[in-house]
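Me: I would like to learn how to read salt bridges and strand pairing in a model. Could we go through them one at a time?

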Amino acid sequence: PSTANFICIRCSAKKELLCYLQENGILVRDVSGYPKLDNCFRLSIGTPYENEQFKLTVKRFFAIN
């Protein structure tokens, strides 16, 4: 069991993805400055609707890049 309310995501296109997410109203925290977290960002778990919006936005990003 976990009590965490976020996930850590590693992405080689982190910088571009973070900009795209922000442009689409989705805020995440860049944690790539922490040890062993190169190219990582943190996403807080939200409501089912917010989680679905994140998923759709990431799919769009990779479809156009």
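**Salt bridges and the sheet**

Reply: Lysine 55 and glutamate 52 are three residues apart in helix α2 (residues 48-64), so about one helical turn separates them; helices (H or I, at least four residues) and strands (E, at least two) are DSSP runs, numbered from the N terminus. This is a predicted model, in which local features need pLDDT of at least 70 and side-chain atom pairs count only at pLDDT 80 or more, while totals for chains, interfaces and linings use all residues. Residues are numbered from 1 along each chain as its sequence is written, and side-chain values use heavy atoms, with hydrogens and water left out.

Me: How many salt bridges does a search of the whole structure find?

Reply: Side chains of opposite charge can pair when their charged atoms come close. The search finds two salt bridges, each a side-chain nitrogen of Lys or Arg within 4 Å of a carboxyl oxygen of Asp or Glu. One joins lysine 55 to glutamate 52, with the closest N and O atoms 3.4 Å apart. Another joins aspartate 30 to lysine 14 at 3.0 Å, N to O. Aspartate 30 lies in strand β2 (residues 29-30) and lysine 14 in helix α1 (residues 14-23), so this pair ties together parts 16 residues apart in sequence.

Me: In what order do the three strands of the open sheet lie?

Reply: Strands of a sheet pair through backbone hydrogen bonds, either parallel or antiparallel. Here the order is β1-β3-β2, with antiparallel pairing, where two strands pair if DSSP finds at least two bridges between them. β1 (6-10) and β2 stand at the edges with a single partner strand each, so one side of each has no neighbour in the sheet.
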